[in-house]
Amino acid sequence: MRKANKSAILYAVILSAVLAIPALTIPRADHSARQKWENRKLTELPDLNLKSVLSSPKETFVQLDDYVDDHIGGGFQVIKARRKFYFDVFNATGDTYIVGKNDGALFLTSPFQQKTRKTPFQWWENVCDKLQREGYQINYLKRVNKSKKNISRYGARVIYASVPSTPLLIPDQFPKSAPAKYSEACRKVTPENNHIVDMRKLDPDVEFFYPLGAFQEKAKDPYFYPNSAYHWQGESTWTFIEEFARKYNFDFSPKWPAGPCEYQNVGWDIGKLVGVGDEIKGCDRDLSSLGIIVDEKFQYPLNEAYAKAHPKKTSITVVKMTNPHAQNDMSAIIFTNSFGPAVRQQYASLFKTTYHIRPGIINTPDVKLLLRESDILDVDLATVSIADFHYPNFLAPLE
Amino acid sequence: MLFTSPLFLFMFLPSFLLCYFLFGRRNIIILAFSIFFYFFGEGWIVLLLLGSVLIAWLHGIWVIKNGPSLKVMWAATVLQLGTLFYFKYSDFFVRDVFLIGDASWTWPEALLPIGISFFIFQGLSYSFDIHRGKHKPAKSFIDVATYVSMFPQLIAGPIVRYGSVAKQLQSRTIRTGNLNIGIYLFCVGLAQKMLIANKLAVTADGLFGIDPALLTTTTAWAAALAYTGQIYFDFAGYSNMAIGLGFMMGFRFPKNFNHPYVAKNITDFWRRWHISMTSWFRDYVYFPLGGNRKGNFMTYRNLFLVFLVSGLWHGAAWTFVLWGMYHGAFLVIERLGLKNILAKTWGPIAWLYTFVVAVFGWVLFRADTLPQALDVAKKMIIPTGGDNSYFYLHSGMEIWIAMALAVLFASNFVERQSIRAMGALGWRSKGKATAVKMTVALVLFLLCLIEVMSSTYNPFIYFRF
């Protein structure tokens, strides 16, 4: 006899109904909001007909599991509320290598890719400590010169233009949970006393551009380089190119937006990973007003001899930007890491034709191949740009 | 399908409860849902589970028709253990013990089916018990299959003996009281897993994941202590969820953990840790080897062997083997006289000895390789300074709270105090006690619900990098 009394049955039915609410509300949940918030396509419901389930049960059920995870009723609201609560109350970001502070400041402390992470506060150590040591600078300069020799072989002028990033702009906003030695070290890096100043002294032939003074001055404005971003956003990108053009006497495009920037949403950054806050607010200008024509999939041809010998590989994809309003006939190329997309159009507005290459996106052999087997370096100006120059391996494909 | 997944909590469990309570033939419903549960996670490897059931059932049928036979019992045992050996240990023995093959080589199809150690051990205990005449074999394949494959304990125990559920498989009455206890235990288990173990896992995984050369004494201890908490609350949490589900279905599964970290010697620790496994090894390995009846030397040998095998049961790696031997060695040392000394020692000292031995044991258990285990243990023993920044990253306030909860709930302090407080408030009556427990369960469930749903957050990470 396997019996259940009536009240137990009623109890179980009610319990089942309550437990099933999140599943039953799947059709009513706002999945597009979650899709936008998480910046990905949510898992689709797998084909649940008997034939496909029996032929590939594990794959079907894994997909079903993912589908339920993605679509469960109330999940999106709970995630947002929980992440906000944890961030506000515990400073918890949900990612070990993103540390936060209650006022919304977020810092990525170590390389994003696991394989290049060596220590927990690698970025801060590199920028505020290692880079400030002479031995490190001498080694860095060796690599810089090696890449310069390669890049300038067609006669291009080479400028190493570096973006001052948050560890040097807002070290006072490092969370208290982080070791104090990092904020102390970062505060000591000033426009007069920094690695670029030192490296200029060590090798005056290398042209370094590093607007640390202008950035530190303006960083007090929370909308200049939003403190919830690892990458720069909005006005900081415009200031960078303004300073760059002034220093090297490049003419501004007539389309360069005049007047103050406007406060607006400028996109997402590491806050998206943490899942807190809204879209980043920053002060920005209308990028489309520059009128730059961007071809993201431009096939740059490899030289004839190579293409003939390797018919399957005749070109490499790069970003080509054409400026119909250029004040000169100059061509340029800019090598960047992930900081590049935010500044490339402003940079391209100074020249007629500009190529943008992200060695981290194109694989290293392809970058080397492109530089070796094409005339892409036959430009007037080549700029190598990376935040604070704290990532020497960035130069490897260019050497 | 994990008990902590939305699919289980919001789809599988309500569907099961609804079918189980509304329709008759409850064992068939349990069996159908259990097969689906396993099929969901492992696909057609479910046939292996059913094969194990078939061996146990056929053995039972033989015993019914012909009486116990040593040969048949051995045949069933060899088949069950052979299956376990092939799927769980063949790769280890061939590669690591007999040193055959290179790094790129694995046994074909030697996948590790989830829960195989549990269902094979349940099938074996059925065979042993019916052979010894401890229990009557079940005639019905459904009953044996329900017993072996019951989804609550299928993937993480406890290892339920046939004897403890044989009567309930035939006859059980489910009352609201069973449901209340079941819900309470399930929620407590869920909270142990989601609110404590998963938080401590951040520290443990983070610190065990880095190069041991970068560890300091502080971070090595933090890693070991976090894992000590994680493994207990994770395992005890799963066991409590299983026991809770069993109660909801009208079964009484045995208690699997009894505050092991309050033990004052390792012998006592093993009476409190994974009780169902320890008693399985005691009854089916230690006693048949002679137990403590054949003199001191044989007792020590038997103890050591049992723990060596139990280490291997936990996983096919040298770290597990050594972990088993490590505990076996301490049990022998305690038998040699340390236990008597500890009994006369001041309680906190005896407790500290036991806890530290357990913690070092967990380092061996958790480490991916033996050199890693030795490195971590060395850092714990020899004071090593250096950069503690890994600790900052892997130990936020939420983890400190989880650690505090772990300390509080690893002991029986809360249990004793709450019973005392309810007595003082005059809430000893069944109704009031139930109301308190159900309120606790509800709060825990809501907190866990938030964690369960939040764990599904999965932003596309390369959107800018």
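Guide: This is a predicted model. Setting aside residues up to four places away in sequence, A:Gly74 touches A:Pro22, A:Thr25 and B:Met453.

Visitor: Where does A:Gly74 lie in chain A?
Guide: A:Gly74 sits in the loop that links helix 5 and helix 6 of chain A.

Visitor: How exposed is A:Gly74?
Guide: A:Gly74 counts as partly exposed, because 16 C-beta neighbours lie inside 10 Å. A residue would need 20 or more such neighbours to be called buried.

Visitor: What distance separates A:Gly74 from A:Val89?
Guide: Their C-alpha atoms are separated by 22 Å, and the two residues are 15 residues apart along the chain.

Visitor: One of those contacts was in the other chain. How many residues of chain A and chain B are in contact?
Guide: On the chain A side there are 52 residues, in contact with 45 residues of chain B.

Visitor: Which elements supply the chain A side?
Guide: Strand 1 (2–4), helix 1 (6–19), helix 2 (21–24), helix 5 (57–71), helix 6 (75–90) and helix 14 (270–274) of chain A each supply at least two residues. Helix 1 of chain A gives the most, with 9 residues.

Visitor: And what is the make-up of that side by class?
Guide: The side of chain A that touches chain B has 28 nonpolar, 12 polar and 12 charged residues.

Visitor: Let us stay with chain A. What is its secondary structure?
Guide: Chain A comes to 17 helices and 12 strands.

Visitor: How is strand 5 joined to strand 4?
Guide: Strand 4 (residues 157–163) and strand 5 of chain A run parallel and are joined by 3 bridges. Within strand 5 of chain A, A:Phe208 stands opposite A:Tyr160.

Visitor: What about strand 11: enclosed or open?
Guide: Strand 11 (residues 353–357) of chain A is largely enclosed by the rest of the structure, because 4 of its 5 residues are buried.

Visitor: Which way do strand 9 and strand 11 run, parallel or antiparallel?
Guide: Strand 9 (residues 315–322) and strand 11 of chain A run antiparallel, with 4 bridges between them. A:Met321 stands opposite A:Thr354 of strand 11 of chain A.

Visitor: And strand 10 with strand 11, parallel or antiparallel?
Guide: Strand 10 (residues 331–336) of chain A runs parallel to strand 11 of chain A, and 5 bridges join the two. A:Ser331 has A:Thr353 as its bridge partner in strand 11 of chain A.

Visitor: How is chain A divided into domains?
Guide: Chain A has domain 1 (22–73) and domain 2 (114–398). The C-alpha centres of these domains of chain A lie 40 Å apart.

Visitor: What are the overall dimensions of chain A?
Guide: The C-alpha trace of chain A spans about 90 × 55 × 45 Å along its principal axes. Of the 399 residues in chain A, 40% are buried.

Visitor: Turning to chain B, what are its elements?
Guide: Chain B has 20 helices and 1 strand. Its radius of gyration is 23 Å, close to the 23 Å that the globule rule gives for 465 residues, so chain B is as compact as a globular protein of that length. Buried residues make up 48% of chain B.

Visitor: Which domains are assigned there, in chain B?
Guide: The assignment gives domain 1 (6–172) and domain 2 (178–399) of chain B. Their centres, taken over C-alpha atoms, are separated by 25 Å.

Visitor: How many residues are in contact between those two domains of chain B?
Guide: In chain B, 22 residues of domain 1 are in contact with 20 residues of domain 2. The largest share of the domain 1 side, 5 residues, comes from helix 4 of chain B. By class, that side of domain 1 of chain B has 12 nonpolar, 6 polar and 4 charged residues.

Methods:
Residues numbered from 1 in each chain as written. Chains lettered and ligands numbered in written order. Predicted model: local features only at pLDDT ≥ 70, side-chain atom pairs only at ≥ 80, totals over all residues. Domains from an automatic or database assignment. Contact = placed C-beta atoms within 7 Å. Nonpolar A, V, L, I, M, F, W, Y, C, P; charged D, E, K, R; others polar. Rg over C-alpha atoms; globule rule 2.2 N^0.38 Å. Buried ≥ 20, exposed ≤ 12 C-beta atoms within 10 Å, placed from the backbone. Pairing = 2+ DSSP bridges.
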